[in-house]
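Please read it beside the model.

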Amino acid sequence: MTTVAPSTDRLPADPSLITLVYQHEHSVQGFEFDDTLEGWKVNARIDADVLAEELSATTDMDQQALDAVVDVVVGRMSFVRVRMFGPDHPYDAMDSYTGDVARIGEVVLDVAGGEWSEAFEAALAHPVGDLLVMDRVVLEPAWRGFGLGPVLAGSAIRRLSEGCIATVCEPGSAADREMSQAEHQEASVKLGHVWEQIGFQPFRDGVHVLDCHLQRTQDLLTQRQAEFRALCSAWREHRP
């Protein structure tokens, strides 16, 4: 699916300057489920020094104003890698993280046996490896509506999914407000369509699956990256 690049009038800054910053912490001793479950935080931002350098070259801002430039926060993502051949029961590790991740574990795993469920295994091209859970993807309001969610998430998945059979998610709103059941369902359907743009497909019980071994997965990310480059070009051509 190819989409038309939206207007750049509302973009806060040059999107080509966005960087993804990855953070993962673990204890050397391997406390609790450290050797089975990896939590990754990914921040999408424009570094202050990079932005200041760009503004210096393209505007007449004085040095005092340039020194006051700060990082621009674009969004944040969180992922969980579950090592299926780790020392711990994979579902126990997922259950220790959050209720959302545990619910996904109940859908894709044979909880009692600690292996893939038959249905999940049958849905994948090559069901041998680890599992990557896309837990949260949140864009700052000013950066929404430009198609950035799929390209940022897809880029992060490409970096984090080495050795994984699939990436899974349960689309749902991350809005900090109470939602009715109907609103929650509407948000889930809408986000499900968003994540289809990088290869996620509905599996069961609200869980969507991206098969990491399919060429289609890479092809879709390539399309999203092309759309991102078009957005960056449009920004440069119509700089506010």
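In helix α6, the buried residues are Leu148, Gly149, Pro150, Val151, Leu152, Ala153, Gly154, Ser155, Ala156, Ile157 and Leu160. That is eleven of its 13 residues, so α6 is mostly covered. Buried means under 20% relative accessible area, with a 1.4 Å probe and protein chains only. Helix α8 has its own buried set: Thr217, Leu220, Leu221, Arg224, Glu227, Leu231, Cys232, Ala234 and Trp235.

This is a predicted model, where local features need pLDDT of at least 70, side-chain atom pairs count only at pLDDT 80 or more, and totals for chains, interfaces and linings use all residues. Residues are numbered from 1 along each chain as its sequence is written, and side-chain values use heavy atoms, without hydrogens and water.

The chain has eight helices and nine strands. These are DSSP runs: H or I of at least four residues for helices, E of at least two for strands, numbered from the N terminus. Buried residues make up 41% of the 240 residues.

The C-alpha trace spans about 65 × 45 × 40 Å along its principal axes. Contacts are heavy atoms within 4.5 Å. Among contacts between residues at least 6 apart in sequence, 74% join residues at least 24 apart.

Note on methods
Buried < 20%, exposed > 50% of the residue type's maximum accessible area, 1.4 Å probe, protein only.
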